[in-house]
Amino acid sequence: YEEHAIAFSWAGRLSSRFEPADFQVLERWLKLHVSNWAACDTLCGGPLGEFLLKFPQFLPKVQKWAGSRNRWLRRASAVALILAAKQERYLPEAYKTADILLEDEDDMVQKGYGWLLKEIANKRPQEVLDFVMKRKAKMPRTALRYAIEKMPSAWKKRAMAR
């Protein structure tokens, strides 16, 4: 893990030099070297997230990962959008990704897209609450809890009610 963390952190520091061709490298690293949540989050929350801020034309490729058999690619499809979500960018893509992953049975994927929704909720809590309320019958409890974690208690109770 330490080697991955060093490489991914180093790549993040070079984000100002990213070029479109670097997507192939980042995607290859994701497919070959990510085998746990920590590596996924380090790569996606750093260099990959920075890359997408600079080159939004790659958003459709990242969104396709949501349909992968590989749990880390599915998680990456959401976590790679977190840097943008903090800046209130690419929100339609973020919500679409969450919808694609909505009924995913993998808890690591649920936590990933729940985290993405939580980051959006930091600035747009009502919007995320509305999103969650429309889907809560299908949304796994793990994703739901992550998404509403920082919301007011009354809102959380409403969202958690069956």
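**Close-up views of a predicted model**

**View 1. Thr-42 belongs to helix H3 (residues 37–54).** Helices here are DSSP runs of H or I with at least four residues, numbered from the N terminus. Thr-42 is partly exposed, with a relative accessible area of 22%. Buried means under 20% relative accessible area, exposed over 50%, and partly exposed in between, for a 1.4 Å probe and protein chains only. Thr-42 and Ala-80 are 38 residues apart in sequence. In space, 9.8 Å separates the C-alpha of Thr-42 from that of Ala-80.

This is a predicted model, in which local features need pLDDT of at least 70 and side-chain atom pairs count only at pLDDT 80 or more, while totals for chains, interfaces and linings use all residues. Residues are numbered from 1 along each chain as its sequence is written, and side-chain values use heavy atoms, with hydrogens and water left out.

**View 2. Arg-71 and Asp-106 form a salt bridge, 2.7 Å from N to O.** The pair links distant parts of the chain, 35 residues apart. Arg-71 lies in helix H5 (residues 71–79). Asp-106 sits in the loop between helix H7 (91–101) and helix H8 (107–121). A salt bridge requires a side-chain nitrogen of Lys or Arg within 4 Å of a carboxyl oxygen of Asp or Glu. By this rule the count comes to 10 salt bridges. Arg-71 is partly exposed, because its relative accessibility is 30%. Asp-106, at 15%, counts as buried.

**View 3. Within helix H8, Asp-107 pairs with Lys-111 in a salt bridge of 3.8 Å, N to O.** The two residues are four apart, about one turn of the helix. Asp-107 is partly exposed at 33% relative accessibility. Lys-111 is also partly exposed, at 24%.

**View 4. Arg-124 and Glu-127 form a salt bridge, with the closest N and O atoms 3.0 Å apart.** Arg-124 has a relative accessible area of 29%, so it counts as partly exposed. Glu-127 is partly exposed at 30%. Elsewhere, salt bridges that share partners join Arg-71, Asp-106, Asp-107 and Lys-111 into one network.

**View 5. Helix H8 packs with helix H10 (residues 141–148), their axes coming within 7 Å and crossing at roughly 25°.** Axes are lines fitted to C-alpha atoms, for helices over the stretch in contact, and angles run from 0 to 180 degrees between N-to-C directions. H8 is therefore roughly parallel to H10; this term covers angles under 35 degrees. Contact means heavy atoms within 4.5 Å. H8 contributes residues including Asp-107, Lys-111, Tyr-113 and Trp-115. H10 contributes Thr-142, Ala-143, Tyr-146 and Ala-147. The contact residues divide into seven nonpolar, three polar and three charged. Ala, Val, Leu, Ile, Met, Phe, Trp, Tyr, Cys and Pro count as nonpolar, Asp, Glu, Lys and Arg as charged, and the others, Gly among them, as polar.

**View 6. Helix H9 (residues 125–135) packs with helix H11 (residues 153–160) at an angle of about 15°, with axes 10 Å apart.** H9 and H11 are therefore roughly parallel to each other. Their crossing is left-handed. From H9, the contact involves Pro-125, Gln-126, Leu-129, Val-132 and Met-133. Trp-155, Arg-158 and Ala-159 make the contact from H11. The residues of this contact divide into six nonpolar, one polar and one charged.

How values were computed: Angles under 35 degrees count as roughly parallel, over 145 as roughly antiparallel, 65 to 115 as roughly perpendicular and the rest as oblique. A crossing is left-handed if the near helix is turned anticlockwise from the far one by less than a right angle, and right-handed if clockwise.
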